[in-house]
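Hello,

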Amino acid sequence: MSTADAPVATLTPIEARLELERLASAIARHDHAYHVLAQPVISDAEYDALVRRNAAIEARFPEFVRPDSPSRRIGAAPAEGFRKVRHAVPMLSLDNAFTDEDVREFASRLRRFLGLAADEPVAMVAEPKIDGLSIALRYENGRFVQGATRGDGTEGEDVTANLRTLADLPRTIVGAPRVLEVRGEVYMTKADFLALNARQESAGDRVFANPRNAAAGSLRQLDPRVTATRPLSLFAYALGEVSEPVADSHWHFLDHLRQWGFKVNPLAKLCPDADAVLAFYHQIGNDRAGLAYDIDGVVYKVDRFDWQARLGTKDRSPRWAIAHKFPAEQARTRLKAIHISVGRTGVLTPWAELEPVNVGGVVVSRATLHNEDDIRRKDIRAGDTVVIQRAGDVIPQVVGPVSDQPRGRGEYSIRAALTPPGGDHPVCPACGSHAARAENEAVWRCTGGLVCPAQAKERLIHFASRDAFDIEGLGEKNIEFLWDKEYIRQPADIFRLGEENRVRLQKLENFEGWGKRSVEKLFAAIDARRTVPLERLIYALGIRQVGEATAKRLARHYVSFCHWREAMEAAAAGDDEAYRDLTSIEDIGPSVAADLLAFFAEEHNTTALDKLVAQLRRIDDARAAHTGGSPIAGRAVVFTGTLATMTRQEAKARAEALGAKVVGSVSRKTDYVVAGTDPGSKATEAQKLGVPILTEQQWLDLVKG
DNA sequence: GAGCCTCGAGTTCC
DNA sequence: CTCGAGGCTC
């Protein structure tokens with residue numbers, strides 16, 4: 001018995017709801033079969049019929065539209081259309097070098113870290129840096145099973161179906177490890193880009209600003225059939241997760257890639273030393289315009305894999321590679337005026353209003369000027385003709401005025417700009433509070449703090465932002481609106497929005513741009529965040545100098561909200577022990593501690609915090625830093641004497657990678673002292689305190705196990 | 001006391 | 001992404 005063919009007009013509400021449920025799951029199944037498995041089980045026409053019927057029923061029974069409705073998914077922004085994929089091995093970014101000198105420093109850093117002699121060369125592979133999108137391609141048992149974008153490096157988007165449409169992508173490979181993740185760059189050639197744009201234009205579709213945007217836009221199509229019509233190319237150049245070693249050097253690895261059927265950039269070159277990579281760089285720089293594709297520099301990688309492993313990675317980039325960038329593309333334009341904006345912490349940032357100008361395919365109309373010193377150093381004035389470039393090809397910067405054009409009138413003074421006509425001191429442009437530049441700081445600040453509306457608004461934007469409370473639909477624009485209509489003044493108000501709206505005469509849903517649906521969706525999104533992990537709550541408060549990393553450390557140290565809060569209030573009230581406990585946390589020194597305590601010393605803040613907490617359902621305790629499987633995780637280690645198999649710097653990096661904390665001096669809290677030859681006083685001290693002393697070999701055995 | 005490394009804050013465009 | 005500043009090491 002099925003209602004699937006019944007005219008929509010005859011459906012009862014119960015039937016409608018059941019069928020919407022059935023359609024949602026059927027369409028999701030077909031989507032999976034089509035996009036992920038690439039084995040559709042019904043025809044496109046049949047699929048379209050299901051989608052149309054779903055839409056028709058929703059139109060008649062809007063109250064039954066499901067949160068997972070196919071209509072929402074299809075109309076949704078592409079970012080919501082792809083499944084998230086966690087990278088087994090993070091996709092790191094690269095440090096940049098801009099000058100030959102930077103590259104030589106890189107080479108000597110490598111030698112220092114590896115403990116090589118100053119004249120010992122480090123062979124590197126140099127490859128053009130393609131201006132496209134990084135992707136990760138996963139093969140299991142020789143079959144391509146998943147492709148993902150880089151995303152933030154930890155988590156990307158599943159674009160498997162789209163990648164399958166690329167001619168350069170091998171579907172199967174022979175003789176590869178059971179699990180093999182190849183990394184590469186998806187790009188569009190200059191010729192393909194021009195042809196595509198011509199096609200787009202004659203079809204009345206949007207044209208792309210540059211090949212990179214065209215490649216990105218094409219790969220992020222929700223419909224792989226569209227991607228299939230786009231001329232995308234692929235170069236492979238790196239290794240991700242792998243079930244067994246495949247090579248002993250990068251150069252040999254590139255050979256494997258070719259044998260497996262990947263395109264490898266034919267210009268890649270094995271260079272014996274820094275001089276050779278620099279020669280390569282300048283050669284490529286000269287040939288750049290003649291290449292079929294855009295490049296923005298050259299990448300150098302230490303060739304030997306064993307050295308790469310020893311060098312390891314630091315925060316977000318490997319120590320064994322660097323990107324040598326070409327000079328950024330520049331443009332000149334007129335700087336119309338200098339304005340000043342107010343940040344969340346009261347920082348007053350000057351920014352330039354520009355005559356819109358195309359820089360590397362993107363029209364730029366404003367650029368930050370950072371601070372007073374920067375403006376003075378470059379002598380930038382309103383009315384100047386200036387050179388603009390995009391740093392790292394993203395954020396526009398003002399390089400400086402050009403000399404062959406008439407200069408703007410008078411040197412710029414931020415003090416004068418902040419001082420109102422007839423006034424005698426600088427004030428915040430948003431609230432009129434005193435503005436000042438602290439003795440040893442580069443920025444001017446509004447001293448209005450809690451009374452400055454601009455700061456309050458910025459704090460709310462921060463509160464709701466992705467890394468804080470992550471309230472969907474509550475971005476800058478809506479917060480601005482809700483602030484102006486006096487719906488919200490502090491974080492707690494966000495959670496009272498529903499109640500507030502009920503008592504208002506003019507309801508939110510009656511304002512332009514706020515349908516009933518979008519208001520309900522917003523309230524639901526807010527409600528979903530009444531449970532929050534402690535670290536997010538701490539970060540969301542916007543305490544100066546407390547960003548994501550510090551918030552996480554605080555959460556892990558104090559574990560529960562009550563614990564944390566009591567400790568902060570105690571320390572703010574002068575409790576010495578609480579203060580010492582706080583500053584014992586890594587990276588929290590007197591300065592960060594002072595800002596934390598200043599927050600808790602202010603009654604305004606604690607009251608606002610109380611009100612917020614009253615609105616929340618639960619604050620989840622932090623998980624104590626997971627100690628992993630490593631035997632030295634969480635242990636404090638001291639190295640002393642000369643080590644035979646590694647440099648001190650390397651020993652430290654490796655110990656830290658395994659979760660240990662490497663400290664400089666021996667105390668009762670030290671877990672191990674590792675003594676090389678000629679150990680100094682640290683070993684004696686360890687003996688006195690009864691701290692275990694390991695030889696280098698014992699240490700290596702411990703780490704291995 | 002200098003230098004390295006990380007973190008925080010502010011920011012542009014689509 | 002970049003700059004400035006804090007924390008920590010040598």
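Contacts with DNA strand B

A backbone N or O atom of Ser-365 in the protein lies 2.7 Å from a phosphate oxygen of DNA strand B. Please keep in mind that this is a predicted model. Two further backbone contacts involve the phosphates of DNA strand B: a polar backbone atom of Gln-545 is 2.7 Å from a phosphate oxygen, and a polar backbone atom of Gly-547 is 2.8 Å from one.

In total, 26 residues surround DNA strand B. The closest are Ser-341, Thr-345, Ser-365, Gln-545 and Thr-550. Of the atoms of DNA strand B that come within 4 Å of the protein, 95% belong to sugar and phosphate.

Four elements each supply at least two residues of this surface: the strands β13 (347–359), β14 (362–368) and β16 (395–401), and the helix α21 (548–558). The most comes from β14, which gives six residues. By residue class, the surface near DNA strand B divides into ten nonpolar, nine polar and seven charged residues.

Sugar and phosphate make up 93% of the atoms of DNA strand C that come within 4 Å of the protein.

A polar backbone atom of Ala-442 is 2.9 Å from a phosphate oxygen. The elements that give two or more residues to the surface near DNA strand C are β16 and α24 (590–601). The largest share, three residues, comes from α24. The residues of this surface divide into eight nonpolar, six polar and four charged.

The chain as a whole

Chain A contains 28 helices and 24 strands. Its radius of gyration is 30 Å, close to the 27 Å that the globule rule gives for 705 residues, so chain A is as compact as a globular protein of that length. Along the principal axes, the C-alpha atoms of chain A fill a box of roughly 90 × 70 × 65 Å. Of the 705 residues, 43% count as buried. Among contacts in chain A with a separation of 6 or more, 66% are between residues 24 or more positions apart.

Two places inside the protein

Which residues of helix α8 (residues 211–219) are buried? They are Pro-211, Ala-214, Ala-215, Ser-218 and Leu-219. Seen down the axis of α8, these buried residues fall within an arc of 120°, so they line one face of the helix. They pack against β4 (133–140), β5 (143–149), α6 (160–163), β7 (179–187), α7 (190–202) and α9 (224–228).

The other place is Ser-433, in the loop between α14 (414–418) and β17 (435–437). Is Ser-433 buried or exposed? Its relative accessible area is 15%, under the 20% cut-off, so Ser-433 counts as buried. Leaving aside neighbours within four places in sequence, Ser-433 is in contact with Pro-426, Val-427, Cys-428, Cys-446, Thr-447, Gly-448 and Val-451.

Regards

Definitions and conventions. Residues are numbered from 1 along each chain as its sequence is written. Chains are lettered from A and ligands numbered from 1 in the order in which they are written. This is a predicted model: local features need pLDDT of at least 70, side-chain atom pairs count only at pLDDT 80 or more; totals for chains, interfaces and linings use all residues. Side-chain values use heavy atoms; hydrogens and water are left out. A residue is near a molecule or strand if one of its heavy atoms lies within 4 Å of it. A polar contact is a pair of N or O atoms within 3.5 Å; within protein, one must be able to donate a hydrogen and the other to accept it, and residues adjacent in sequence count only if both atoms are side-chain atoms. Ala, Val, Leu, Ile, Met, Phe, Trp, Tyr, Cys and Pro count as nonpolar, Asp, Glu, Lys and Arg as charged, and the others, Gly among them, as polar. Buried means under 20% relative accessible area, exposed over 50%, partly exposed in between (1.4 Å probe, protein chains only). The arc is that of the directions from the helix axis to the C-beta atoms. Contact means heavy atoms within 4.5 Å. The radius of gyration is taken over C-alpha atoms; the globule rule is 2.2 Å times the number of residues to the power 0.38.
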